[in-house]
Amino acid sequence: MKSPLHASYSHAKPLQWLLLPLLGLLLLLGTTEEAAAQGQAGRVVQLSGFVATGDSLFGVAGVSVYVPNSTRGTVTNEYGFFSVPVLAGDSVLFSALGFKKQYLIIPKNYSSQSYSIIMQLQEDPTELPMVDVFPWATERDFREAVANVKLPDEGRAIAMRNLDPERLEELFKTTPMDGAGNFRHGMNQQQQLQQNRYMYPTINPMAIPALIKSIMNGDFKQK
């Protein structure tokens, strides 16, 4: 006669044999899914797109597009376009001077080989402090340095010769006119010719009595 403990053990033994394969199957499925997820996370994705300013369609040139702590990155061209290979699961940073930084996360389970976006950066102007570049420690040192400046003799002689009044007058007489000067000179000549063409003869009022006397005497009659 079997004891109650032996009977319970006999019924539990077949149940144990049924649970072991089920647990193994579950572990196998979990490992397969984890491996598949890891494989998807390591997929190479070609990230391409256009970086614009705010809500406009003006491209931003020179924007850094890169994955931090990696060697994957690029910059936008003069029109705001870019293209860079990344991995599924990467966090891509968009950074440019005068704009707020923005991140883009590539989904880990992303299965396609390309990813296209339009990234709109928000302006973030930064006012830099004023910097005065002054090679002298104090203003007094600056004044002393200026007062002690010595011009070379050769340069001083050339400057004095170029400012000589006789030299300037000679240059004024011998230097040819430029295009504007030639145009003005030609226009003045044409205006003078027009005035000479339509100029009426003038008579000296003091000669009028002598002219009348000559006419009365018949001095102008043909002989």
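Predicted model: local features only at pLDDT ≥ 70, side-chain atom pairs only at ≥ 80, totals over all residues.
Residues count from 1 along each chain as its sequence is written. Local features need pLDDT of at least 70, side-chain atom pairs count only at pLDDT 80 or more, and totals for chains, interfaces and linings use all residues, while side-chain values use heavy atoms, without hydrogens and water.

Me: In which order do the four strands of the open sheet stand?
Reply: Strands are DSSP runs (E, at least two residues), numbered from the N terminus. Two of them pair if DSSP finds at least two bridges between them. The pairing here is antiparallel, and the order is S3-S2-S5-S6.

Me: Which strands stand at the edges?
Reply: An edge strand here has a single partner strand, so one side is left without a neighbour in the sheet. That applies to S3 (73-75) and S6 (102-105).

Me: Which residue in S3 is the bridge partner of Ser64?
Reply: S2 (residues 64-66) and S3 run antiparallel, joined by three bridges. In S3, Ser64 has as its bridge partner Val75.

Me: Is Thr53 buried or exposed?
Reply: Thr53 lies in strand S1 (residues 44-53). Its contacts (heavy atoms within 4.5 Å) include Phe58, Phe99 and Leu121, leaving aside residues up to four places away in sequence. Buried means under 20% relative accessible area, exposed over 50%, partly exposed in between (1.4 Å probe, protein chains only). At 18% relative accessibility, Thr53 is therefore buried.

Me: How does Phe134 count by relative accessibility?
Reply: Phe134 lies in the loop between strand S7 (114-121) and helix H2 (139-147). Its relative accessibility is 45%, so Phe134 counts as partly exposed.
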